[in-house]
Amino acid sequence: MTTFWAAHAWLPAGLSGDVRIEVTDGVIVAATAGTPPQPGDTRLPGVVFPGFADAHSHAFHRALRGRTHDGRGSFWTWREAMYSLAGRLTPDTYYHLALATYAELALAGVTIVGEFHYLHHGPGGTPYADPNAMAAALRQAAHDAGIRLTLLDTCYLQGGIDQPLHGAQLRFGDQTAHAWAARVDQLTDDDGFRLGAAIHSVRAVPPAAIDTVAAWAAQRDRPLHIHLSEQPAENQACLEHYGRTPAALLADHGALTPRTTAVHANHVTDDDIALLGAAGTTICACPTTEQDLADGLAPTGPLAAAGSPLCLGSDQHAVADPLLEARLIEHHERLRTGQRGTFDTAALVTALTANGHTALGWPGNGRLAPGAAADLVAVRTDTVHTTGADPAHLIFAAGAQD
């Protein structure tokens, strides 16, 4: 048994003092507050949190950091630079890029990442000898960086509603949802890796294929993630073609469930919010990416009030700071509503930890409690950024550097 002691730690009931944590084989067996340190305890500094979950990652986008932020444009013009990058990667270069990305996340307190993975095949869409070679590169990178990985293998079949794939998009496609499922079924879990599914978006996956992917996830009890209403143009195209919003279309085809995570949800309607909340569908906010791409502000307050849990993702990795992402949920609501205090510190910590783990198919983790993985993140209270901060409010002061 290994034992740790912290002056402050975030237990399921909230911030607690004098916490002793007992660990056996990487699993917490006890987390007891009000306990003095014992000889042999490893003393952890500052405030100890459960491991952070980055529930929405595109590892290859990290190569665009510091290269695509200047000048005018939109998500759609940024996307062209992303496609250019996607056209050049190989399994080997993808491994090295993902390793650097995941290692940076680990240094920032992330212990599990959800990789929304759609860069499947070689140039022109030709499969590699191993049809999951790119997934294998991600899996190895996460292992070598020392973090867990949920691979959200993504179905991506068309370049827009009723439009064929073209250019770099050809690398994303499996031709049919059934071919996607056959490829994904070749992947297996291990101690640090779990498999999930993703529907890229309603513009990239037609309704019949949404049925197939949703059924695949349901039959295997796997998480299902979806880009939802990130851009107004996506909503408009969906309304024009299907007479439904993206959320309503997904609901029609069985894709909104408690196992589902909708990413972004920036431009959802009141009816969409009610649908998502009634289904218990999680919302993954990616605030720094939504800022960078001018995506808009998701109505996270109404979504949470309707019944949707919140989690967080770094998405394009323009920033790797999960504490910043967490407090931006509240800050974005302040900008959207003109009011403070929609989300208290406990809600932000839960979004950053337990909710993210659950969304990625690891529901027992992200807690300092018996049975959870012993992922301990100590955030210092004596740095230039955090000195003087109330430990209960540390999430509003600290960053990855702490």
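I started with the lining of the largest cavity, whose residues divide into 8 nonpolar, 7 polar and 4 charged. My classes: Ala, Val, Leu, Ile, Met, Phe, Trp, Tyr, Cys and Pro are nonpolar, Asp, Glu, Lys and Arg charged, and the others, Gly among them, polar.

Ground rules. This is a predicted model, where local features need pLDDT of at least 70 and side-chain atom pairs count only at pLDDT 80 or more, while totals for chains, interfaces and linings use all residues. Residues are numbered from 1 along each chain as its sequence is written, and side-chain values use heavy atoms, with hydrogens and water left out.

**Cavities**

I worked on a 1 Å grid over the protein atoms alone: a cavity is a set of points where a 1.4 Å probe fits but cannot get out, a pocket is an open set with protein on both sides within 12 Å along at least five of seven lines, and lining residues have an atom within 4 Å of a point. Grid points are joined across faces, edges and corners, and a volume is the space filled by probe spheres set on the points.

I get 3 cavities of 30 Å³ or more. The largest cavity holds about 150 Å³. Of its 19 lining residues, His 61, Phe 75, Trp 78, Tyr 118 and His 227 lie nearest the centre. Helix α1 (residues 75-86) gives the most to this lining, 5 residues; helices (H or I, at least four residues) and strands (E, at least two) are DSSP runs, numbered from the N terminus.

The second largest cavity comes out at about 70 Å³. Its lining includes Asp 54, Leu 105, Ser 314 and Glu 325. By class I have 7 nonpolar, 2 polar and 3 charged residues there.

**Pockets**

The largest pocket has a volume of about 280 Å³. I find Pro 223, Arg 259, Thr 358, Ala 359 and Gly 361 nearest its centre, out of 19 lining residues. α13 gives the most to that lining, with 3 residues.

For the second largest pocket I noted about 200 Å³. Here the largest share of the lining, 4 residues, comes from α3.

**α2 against α3**

That sent me to α3 itself. Helix α2 (residues 91-107) and helix α3 (residues 133-145) pack at about 35°, axes 8 Å apart. Axes are lines fitted to C-alpha atoms, for helices over the stretch in contact, and angles run from 0 to 180 degrees between N-to-C directions. I logged the contact as 15 nonpolar, 1 polar and 1 charged residues.
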